[in-house]
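Trainee: Can you walk me through this one? I'm new to it.

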Amino acid sequence: MDIKTLIKAARLRTLPLSVSGIVMGSALAYREGAFRWGIFVLALLTTVLFQVLSNFANDYGDGIRGTDNADRLGPERALQSGKITPGEMRQVIGVTVLLSIVSAVSLIYVSFGSDQWLYFLIFFVLGLLCVGAAIKYTVGKGAYGYMGLGDVFVFVFFGLVGVLGSYFLYTQMLQWGEVLPAVAIGLLSVGVLNLNNMRDYENDERSGKHTLVVKMGIGLAKYYHYYLIVLAMLAMLTFSVIHLQMRWELLYLVAFVPLSVHLLRVRSNRDLKLLDKELKTVALSTFLLSVLFFIGLLM
């Protein structure tokens, strides 16, 4: 296996979006005076490994099903190109699963120590669910990405689990107010998936991949996308109205500018392959929003 091919298959451009929930959850913990560097670093590492695992599994699942083919828009995949065999990709997935579990256990131990076994067990099971969700998106007969359930899983794991889970690792408590930033990150993450599925709409339809976009059609998928982005922004604004302490906490509003321009581009889009550029816009805007929210608190 070529290391360059593996790095390409890891899809590094997806990593900023995957860690946005951790950054947001850590910022919320910082507001409570509970931030710890050890938890932050291990949470980022674990999330990156989960995302890379998901990308490898997606490459494998779509590759063996024939969904990744010459008609597909977007970057060429490792299995599709023939640079990695299915057997080699299964080995890579296995190693990544092992690394993910080791990192997750280390994170749980640093967060809860050796005394709080109930929390340890709950988060260990949650980690296993993350591993399962990463793999089952496109792999196996019950692959939920082929049944239009990808949006639900992305919202839950990128938004609710990412933000609220990381917040709990620091504080060992949950507050209803923190649900709003979690919803915002979840909706924006679903927006990225929706763009990906709009870009791949024609090929997915031919390949029998029944994403939500395939089920509703491009016209409705665009309106669905508008709601995802706008509701995400409203969720953050509502959180600020309720919890604002200093005006610097509104620094994240800068991220609303590229998101608003993005909505205009989607509205005027007539060529689905051009939506590939918009994936980066929403992903990086989500990361920017979470980072600026944290910086605003630091200031």
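Mentor: We'll take confidence, annotation, helix packing and a salt bridge in turn.
Mentor: This is a predicted model: local features need pLDDT of at least 70, side-chain atom pairs count only at pLDDT 80 or more, and totals for chains, interfaces and linings use all residues. Residues are numbered from 1 along each chain as its sequence is written, and side-chain values use heavy atoms, leaving out hydrogens and water.

Trainee: What's the mean pLDDT of the protein?
Mentor: The mean is 88, on the predictor's per-residue confidence scale from 0 to 100. 94% of residues reach 70 or more.

Trainee: Where is confidence lowest?
Mentor: In helix H4 (residues 78-81), at a mean of 69. Helices are DSSP runs (H or I, at least four residues), numbered from the N terminus. Confidence is highest in helix H11 (residues 256-268), at 95.

Trainee: Which residues does the "transmembrane region" annotation cover?
Mentor: The unreviewed UniProt entry lists several spans, including 37-57 and 118-137. Such annotations may be inferred rather than shown by experiment.

Trainee: New topic. At what angle do H7 and H8 pack?
Mentor: About 145°, with axes 8 Å apart. Axes are lines fitted to C-alpha atoms over the stretch in contact, and angles run from 0 to 180 degrees between N-to-C directions. Contact means heavy atoms within 4.5 Å. Among the residues meeting there are Phe155 in H7 and Leu187 in H8.

Trainee: How many salt bridges?
Mentor: 5, each a side-chain nitrogen of Lys or Arg within 4 Å of a carboxyl oxygen of Asp or Glu. One of them joins Arg31 and Glu249 (3.7 Å, N to O). Arg31 lies in helix H2 and Glu249 in the loop between H10 and H11, so the pair ties together parts 218 residues apart in sequence.

Technical notes: Helix = DSSP H or I, 4+ residues; strand = E, 2+ residues; numbered from the N terminus.
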